[in-house]
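Thank you all for coming.

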Amino acid sequence: MPEASHERPAPRPAARLALAVVPAVTAAVAVGSALRTNAWTAWGVWPMESKIGSGTSFADLANITATAQCISRGWDYTTCDPYGRLFQPYVVLPARVLSALGVDMSATPALGLALACCYVVGVAVLGIAVARHWRGSLAGLGAAAVVLALASIAPPAMLAVERGQVELLTFALVCIGLVLLPARRGWLRVVGAVAAVAAVVTKFVAVGALAPVVQRRRPSWPAAAALGAAAVFCVVLLPDVIQASRAARTSEPGTTRPQLGAVTLPATWLSADPIGNIPDPSVTEHWGVLLTISALATVLAVVVAAVLLAPSRTTGLDGQPVARWLVVGGTGILLPVYVLGLAHDYRLVFVLPTLAGLCLWAGATRGREQAVAIALAVCALVAIATGAAMIASPGGFLLPRAGLLAGDIALFVTLVAGGGLWLRGLLTREVRHVA
């Protein structure tokens with residue numbers, strides 16, 4: 001815990017409440033405006049053609065509702081995507097639920113709006129958590145609220161809304177789980193555990209949010225139970241996990257323009273400007289080697305981060321269970337897919353929990369440790385702000401290679417730091433109050 005002499009008077013409850021809602025209100029206004037005007041290009045997002053008769057395509061959600069329609073009619077549901085994309089196994093479970101409820105493609109716009117609301121709920125959970133656990137000054141809390149608000153309307157989030165990505169529901173459940181699993185009251189931990197397992201059911205990648213459970217200190221029983229249930233679910237459905245990875249083409253060449261991954265940094269660096277979605281031929285010829293080198297370099301960097309972020313340098317974070325869960329759990333979702341291949345940029349919304357945790361860390365400490373927390377928070381903000389900048393016109397923007405590389409480096413630093421904190425907790429007994 002930071003020394004008492006370093007702590008400032010906590011903001012008043014009314015001030016906390018006012019600042020707590022800033023991120024959610026900002027996200028709601030931006031998302032609502034984009035849905036109403038269909039001006040996705042203003043956010044750098046390339047909208048897909050609508051197949052459902054609405055302004056917004058909700059293309060990924062339409063895949064689920066179309067699959068539900070095929071299941072209801074007894075058709076081959078592996079070929080039902082309206083856009084003719086490869087079959088994604090993750091659509092089957094939600095499609096079966098929708099089919100049982102009698103839902104078909106006509107419900108896509110309403111469900112897309114519901115997913116957008118889920119995103120706003122997730123942002124609200126983070127805003128409230130930051131205000132609730134803030135230990136710094138009112139000015140510091142205001143700055144944290146503004147930073148979180150700006151990050152919540154970054155292009156990756158708008159891309160996820162336009163596509164109607166089910167990961168918006170996953171995001172909301174993850175935020176609830178990460179905030180409640182380290183709570184002091186047992187029933188809140190149970191609610192957090194249920195939310196975390198539900199998140200994994202919606203998307204396998206959410207199992208990484210439970211990374212803080214895996215440590216040398218004994219976790220709470222709801223956290224351990226959540227990890228066990230999530231692990232069983234993933235093992236039972238392992239063939240679907242593998243098929244989903246293949247269908248997502250995670251090992252095929254790509255740049256930072258539409259995707260994220262450790263390999264996009266060298267791929268974008270070695271390709272000529274202007275950068276397209278696919279690297280230059282000279283890069284794609286050696287793609288397998290680049291994948292391997294990038295993965296090994298990231299793993300090595302995590303080990304280095306674990307050494308640099310020693311317990312004596314992270315007392316403000318280790319003294320805040322919620323902050324540590326947000327940082328380690330948020331990076332735990334992204335780091336595995338980052339190392340193993342490529343993922344679509346909308347997944348950068350999971351940087352938001354990490355950013356919230358870093359803001360809490362910065363508010364709870366002073367001196368060099370605070371400088372480290374602020375630097376990492378800036379990296380997280382840059383990473384999400386530069387993601388999914390897909391088009392230049394009409395009315396959009398297209399980052400040059402320097403901007404893309406800045407985002408790549410910022411994401412690398414953010415994820416490596418989170419991985420280092422997790423590794424340190426796995427190998428030492430110095431971590432306190434994390435579960």
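Let me begin with the term itself: by a disulfide I mean a pair of cysteine sulfur atoms within 2.5 Å. Please keep in mind that this is a predicted model, in which local features need pLDDT of at least 70 and side-chain atom pairs count only at pLDDT 80 or more, whereas totals for chains, interfaces and linings use all residues. Residues are numbered from 1 along each chain as its sequence is written, and side-chain values use heavy atoms, with hydrogens and water left out.

How many disulfides does a search of the whole structure find? The search finds one, and it joins C70 to C80, with an S to S distance of 1.9 Å. The pair links distant parts of the chain, ten residues apart, since C70 sits in helix α3 (residues 59-73) and C80 in the loop between α3 and α4 (92-100); helices here are DSSP runs of H or I with at least four residues, numbered from the N terminus.

Are these two cysteines buried or exposed? C70 has 6% relative accessibility and therefore counts as buried, and C80, at 11%, counts as buried too, where buried means under 20% relative accessible area with a 1.4 Å probe, protein chains only.

Turning to other cysteines, C234 is in no disulfide, and the nearest cysteine sulfur, that of C175, is 19 Å away. C234 is buried, at 14% relative accessibility. For C359, the closest cysteine sulfur, in C379, is 13 Å from its own, which is too far for a bond, and C359 is likewise buried, at 7%.

Technical notes:
Helix = DSSP H or I, 4+ residues; strand = E, 2+ residues; numbered from the N terminus. Buried < 20%, exposed > 50% of the residue type's maximum accessible area, 1.4 Å probe, protein only.
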